[in-house]
Amino acid sequence: MHLERRILITGGAGFIGSFLCERLLESGANVLCADNFFTGTRTNVAHLLSHPRFELMRHDVCFPLYVEVDEIYNMACPASPIHYQFDPVQTTKTSVHGAINMLGLAKRVKAKILQASTSEVYGDPAVHPQPEEYWGNVNPIGPRSCYDEGKRCAETLFFDYHRQHKLRIKVARIFNTYGPRMHPNDGRVVSNFIVQALKGEDITLYGDGQQTRSFCYVDDLVRGLISLMDTGDDITGPINIGNPGEFTIRQLAEQVIDLTGSKSKLVFMPLPQDDPKQRQPNIEKAREILGWEPEVRLRDGLTKTIAYFDGMLSDKLAAK
């Protein structure tokens, strides 16, 4: 008898995790979503609670978890500077202890495990665009290092478990991702700009607004993560998953103003410490190994994201 796959998603009530839960349920899997609700919210998965193959559990990955599963997506970790700098020691613990606990679980139950790593492992890159072979340019003692170095250490642990225990691992390096269900106060550029534009407030740019980012719509990203998990055991990664289309922050702000029809003005502030000047993935490996590349154009993705935030702001006004 063929049993349905049992899949654990840590951080499953987060922005990306909740979309992953949806896609995996659609594929016929049983999904156990574990989240401590530090940045994830029950609202993100409320529509899944009645699904017969979905289970929600409040759990912090800093503590061991004893469940029977076939696959683990380790997505748990605050991922925006405002959230990961709020309690930097806890951020490092979530990355490092969380990785150890989930790798321990995978080893016990012989599960396949995927780590949601990040483009932040490249730091402020001296190589552009960033290939997986690049070791990065990271400040180990700066205000962002709790996240950058925590994720770098998690990758180390994954590869050591693979070498030492023959664990089946996958490491995805996620680049800037956006879409509905982003946290409105996460300090990220897409959510910031959209909320400011919808409220008619000034749009804040740091530096001269010429620093570049590459924005991947959440549906594309989730498709990439699932494609990586479904590869053979010989594929470990790390593999960059992101959109190689590069935009300046100023171009993004102008596009958001255009799409919202806002009267917002652009205002310029000093650049934060260790803020990368360029961020763009080299996705040759994803194309070649996964047959994956992003399909959603920035304008189309922004339109859907704006509609989500517009609805959220309208609900807040109605509730007052």
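The expected span of a helix is 1.5 Å times one less than its number of residues, and helices (H or I, at least four residues) and strands (E, at least two) are DSSP runs numbered from the N terminus. The views below come from a predicted model, in which local features need pLDDT of at least 70 and side-chain atom pairs count only at pLDDT 80 or more, while totals for chains, interfaces and linings use all residues. Residues are numbered from 1 along each chain as its sequence is written, and side-chain values use heavy atoms, with hydrogens and water left out.

**View 1. Helix α7 and its span.** Helix α7 covers residues 218–229, which is 12 residues. From first C-alpha to last it reaches 17 Å, close to the 16 Å expected at 1.5 Å a residue. How many residues of α7 are buried? The helix is mostly covered, with 9 of its 12 residues buried (buried is under 20% relative accessible area, exposed is over 50%, and partly exposed is in between, with a 1.4 Å probe and protein chains only). The buried set is made up of Val218, Asp220, Leu221, Val222, Gly224, Leu225, Ile226, Leu228 and Met229.

**View 2. Helices α4 and α5 side by side.** Two packed helices are described by the angle between their axes and the distance between the axes. Here axes are lines fitted to C-alpha atoms, for helices over the stretch in contact, and angles run from 0 to 180 degrees between N-to-C directions. The axes of α4 and α5 come within 8 Å and cross at roughly 15°. That makes α4 roughly parallel to α5 (angles under 35 degrees count as roughly parallel, over 145 as roughly antiparallel, 65 to 115 as roughly perpendicular, and the rest as oblique). Their crossing is right-handed, meaning that the near helix is turned clockwise from the far one by less than a right angle. Among the α4 residues in the contact are Thr91, Val96, Ile100 and Leu103, and they are joined on the α5 side by residues including Tyr147, Cys153, Leu157 and Phe158 (contact means heavy atoms within 4.5 Å). By class, the contact of α4 with α5 has 12 nonpolar, 6 polar and 2 charged residues; Ala, Val, Leu, Ile, Met, Phe, Trp, Tyr, Cys and Pro count as nonpolar, Asp, Glu, Lys and Arg as charged, and the others, Gly among them, as polar.

**View 3. A closer look at Thr94.** Thr94 lies in helix α4. Is Thr94 buried or exposed? Thr94 is buried, with a relative accessible area of 10%. Leaving aside residues up to four places away in sequence, Thr94 touches Val61, Cys62, Ala76, Cys77, Pro78 and Ala99.

**View 4. Helix α10 with α8.** Helix α8 (residues 249–260) and helix α10 (residues 298–319) have axes that come within 10 Å and cross at roughly 55°. That makes α8 oblique to α10. The contact draws on Leu252, Gln255, Val256, Asp258, Leu259 and Thr260 of α8, and on Leu298, Arg299, Leu302, Thr303 and Ile306 of α10. These residues divide into 6 nonpolar, 3 polar and 2 charged.

**View 5. Helix α10 with α6.** Helices α6 and α10 pack at an angle of about 55°, with their axes 10 Å apart. The two are therefore oblique to each other, and their crossing is right-handed. Val190, Ser191, Ile194, Val195 and Leu198 in α6 meet Leu302, Thr305, Ile306, Phe309, Asp310 and Leu313 in α10. By class, the contact has 8 nonpolar, 2 polar and 1 charged residues.

**View 6. Two cis peptide bonds.** The bond from His128 to Pro129 is cis, with omega near -10°. Pro129 is placed in the loop between β5 (112–118) and α5 (145–165). A cis peptide bond also joins Gly237 and Pro238, with omega about 0°. Pro238 sits in the loop between α7 and β11 (239–241).

View 7. Lys110 has a positive phi of about 55° although it is not a glycine. Lys110 lies in the loop between α4 (88–109) and β5 and is exposed, with a relative accessible area of 67%. Arg181, likewise not a glycine, has a positive phi near 75°. Arg181 lies in the loop between β7 (177–178) and α6 (189–198) and is buried, with a relative accessible area of 15%.
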